[in-house]
Amino acid sequence: MAVKSKPSQQWTLDNGGSAWAYLVNRSQVSAPVILVADRDHDATCLDAFADTVNSPDYPLGTMLARRGKDIILVGYETDADWGTAVGTVRSAVMETKRRCPGEQRTVLGGAGWAGLLTRYVLAEREYAGFDHQVGVYFCLDSTKPTADEQNDLFDVGNMPMLPTSLKITTDGVPDLEELTAHDDPGLSMFDDALYASASPADSSWMTEEQGRWLLDRLP
């Protein structure tokens with residue numbers, strides 16, 4: 001994946017959503033990493049989201065591609081509510097599974113509100129008895145759920161159990177669980193967490209520190 005490069009494929013998703021797939025072999029999904037745009041940043045403009053993910057400050061897309069990963073960027077409608085956006089992300093997960101042969105596990109992540117969306121979709125798929133085929137889930141500066149969103153999460157078990165769950169919290173951003181690097185890791189519902197020391201540039205999705213930490217934990 002390179003800055004301003006065209007996606008290998010463009011997918012139409014449920015509820016007005018869309019996905020851009022940057023595939024290593026250009027035609028077949030083989031090692032997918034799904035990144036979901038935050039509601040307040042690039043959710044409806046995948047061109048802008050692609051630039052953010054592959055910012056010169058830290059080109060996460062390029063780093064993933066060098067490791068043989070396919071990058072699938074997911075966006076949804078500007079005015080999408082919780083249920084609408086959940087439907088879009090769910091269809092992205094299931095479409096990726098359909099297009100990816102064999103037992104290869106997907107990586108799924110989102111920032112801000114998308115961190116909640118992705119978490120809910122995985123928990124809901126497991127609760128409904130479906131194999132989402134996601135092996136690693138991560139959230140970057142996930143927002144705290146509203147009361148209604150938290151009720152929806154509780155209804156499906158609150159957290160997905162099958163994938164390894166990772167949390168990244170940027171310095172100065174309120175942590176989803178109100179934890180810090182000084183707290184007992186056992187208090188977290190995530191398998192591993194990074195409390196980063198610096199914030200990414202406005203044009204970048206994450207810092208080099210965050211990216212290196214994440215890449216070290218991907219299959």
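This is a predicted model: local features need pLDDT of at least 70, side-chain atom pairs count only at pLDDT 80 or more; totals for chains, interfaces and linings use all residues.
Colleague: In what order do the eight strands of the open sheet lie, and which are the edge strands?
Modeller: The eight strands form an open sheet with mixed pairing, and their order is E1-E2-E6-E3-E7-E8-E9-E10. From one strand to the next, the twist averages 15°. An edge strand pairs on one side only, and this holds for the strands with residues 9-12 and 192-195, which are E1 and E10.

Colleague: Which residue of E2 is the bridge partner of Gln10, and which residue of E6 stands opposite Trp20?
Modeller: E1 and E2 run antiparallel and are joined by four bridges, and they form a hairpin with five residues between them, where Asn15 in the turn has a positive phi of about 60°. E2 also runs antiparallel to E6, with five bridges joining the two. The bridge partner of Gln10 in E2 is Trp20, and opposite Trp20 in E6 stands Leu73.

Colleague: How many of the five residues of E2 are buried?
Modeller: A residue counts as buried when its relative accessible area is under 20%. By that cut-off E2 is mostly covered, and the number of its five residues that are buried is four.

Colleague: Do E8 and E9 run parallel or antiparallel, and which residue of E9 stands opposite Phe138?
Modeller: Strand E8, residues 134-140, and strand E9, residues 164-169, are joined by five bridges, and the two run parallel. Within this pair, the residue of E9 that stands opposite Phe138 is Leu166.

Colleague: At what angle do the axes of H3 and H4 cross?
Modeller: Two packed helices are described by the angle between their axes and the distance between the axes. For H3, residues 82-99, and H4, residues 113-127, the axes come within 9 Å, and the crossing is right-handed. The angle at which they cross is roughly 65°.

Colleague: How many residues of the contact of H3 with H4 are nonpolar?
Modeller: On the H3 side the residues that meet H4 include Trp82, Val86 and Met94, while among those of H4 are Leu116, Tyr120 and Arg125. The residues of this contact also include one that is polar and three that are charged, and the number that are nonpolar is eleven.

Colleague: Which element gives the most residues to the largest nonpolar core?
Modeller: This core has 36 residues, of which Val36, Val74 and Leu117 touch the most other members. Leaving aside neighbours within four places in sequence, Leu117 is in contact with Tyr76, Trp82, Ala85, Val86 and Val89. Elements that each supply at least two residues include E2, E3, E6 and H3, but the one that gives the most, with eight residues, is H4.

Colleague: How many residues does the second, separate core have?
Modeller: In soluble globular proteins, nonpolar side chains tend to be buried together. Here a second core is separate and includes Tyr22, Val107, Leu166 and Trp205, and its number of residues is 29.

Colleague: Against which elements do the buried residues of H6 pack?
Modeller: Helix H6, residues 208-215, lies across E8, E9 and E10, and runs at about 170° to E9. The buried residues in this helix are Gln210, Gly211, Trp213, Leu214 and Leu215. The elements that the buried residues of H6 pack against are E5, H2, E8, E9 and E10.

Methods
Residues are numbered from 1 along each chain as its sequence is written. Side-chain values use heavy atoms; hydrogens and water are left out. Axes are lines fitted to C-alpha atoms, for helices over the stretch in contact, and angles run from 0 to 180 degrees between N-to-C directions. A crossing is left-handed if the near helix is turned anticlockwise from the far one by less than a right angle, and right-handed if clockwise. Contact means heavy atoms within 4.5 Å. Ala, Val, Leu, Ile, Met, Phe, Trp, Tyr, Cys and Pro count as nonpolar, Asp, Glu, Lys and Arg as charged, and the others, Gly among them, as polar. Two strands pair if DSSP finds at least two bridges between them. A nonpolar core is a set of buried Ala, Val, Leu, Ile, Met, Phe, Trp, Tyr and Cys residues joined through side-chain atoms within 4.5 Å. Buried means under 20% relative accessible area, exposed over 50%, partly exposed in between (1.4 Å probe, protein chains only).
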